[in-house]
Amino acid sequence: MEAVKENGNALEFASKALKANREVVLLAVENKGKAFRFAAQEVNNDKEVAICALKQDFDAIDYCISLLKDREVAKTACETLFKKEDPDKEDIKLILEKNGQALEFLPDEYKKDKEYCEIAL
């Protein structure tokens, strides 16, 4: 457990049992959001773990796309994305394609964009 706490990517080399242990995976993603990719399937479907991973690193989105249907996960993805200086347009589209309701979590200037509105429908 200490290894993943120090370096989330150490989860890659953990046993199957540890990769399936929610607490171990949470420690890993708190350190390195993209460590989410090494979690066992049963933990990969845990929205709280996904939220933690996204808060640590937006790029963890690649490993929790199916969870974007969840309102809280989509909200966290938007919040983390817009902390970046220049959010990527494709990332915005990806979130909206998976959960059109996420439009409400975008900054106002993005909510008025016709393309984003169409995707959200």
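## Basis of the model

The model is predicted, so to speak of a local feature requires pLDDT of at least 70 and side-chain atom pairs count only at pLDDT 80 or more, while totals for chains, interfaces and linings use all residues. Residues are numbered from 1 along each chain as its sequence is written, and side-chain values use heavy atoms, with hydrogens and water left out.

## Overall fold

The chain contains nine helices and zero strands, where helices (H or I, at least four residues) and strands (E, at least two) are DSSP runs numbered from the N terminus. Along the principal axes, the C-alpha atoms fill a box of roughly 50 × 25 × 20 Å. Of the 121 residues, 44% are buried, a term that means under 20% relative accessible area, with exposed being over 50% and partly exposed in between (1.4 Å probe, protein chains only).

## The aromatic cluster

Two aromatic pairs occur in the structure; rings of Phe, Tyr and Trp (its six-membered ring) pair if their centres lie within 6.5 Å, and planes under 30 degrees apart count as stacked, over 60 as edge-to-face and the rest as tilted. Phe82 and Tyr110 make an edge-to-face pair, at 4.8 Å centre to centre with 65° between the planes. This pair links distant parts of the chain, since Phe82 lies in the loop between helix H6 (71-81) and helix H7 (89-98), whereas Tyr110 belongs to helix H8 (residues 108-111), 28 residues apart.

Tyr110 also pairs with Tyr116 in a tilted arrangement, at 6.1 Å centre to centre and 35° between the planes. Tyr110 and Tyr116 are both buried, and ring pairs join Phe82, Tyr110 and Tyr116 into a cluster.
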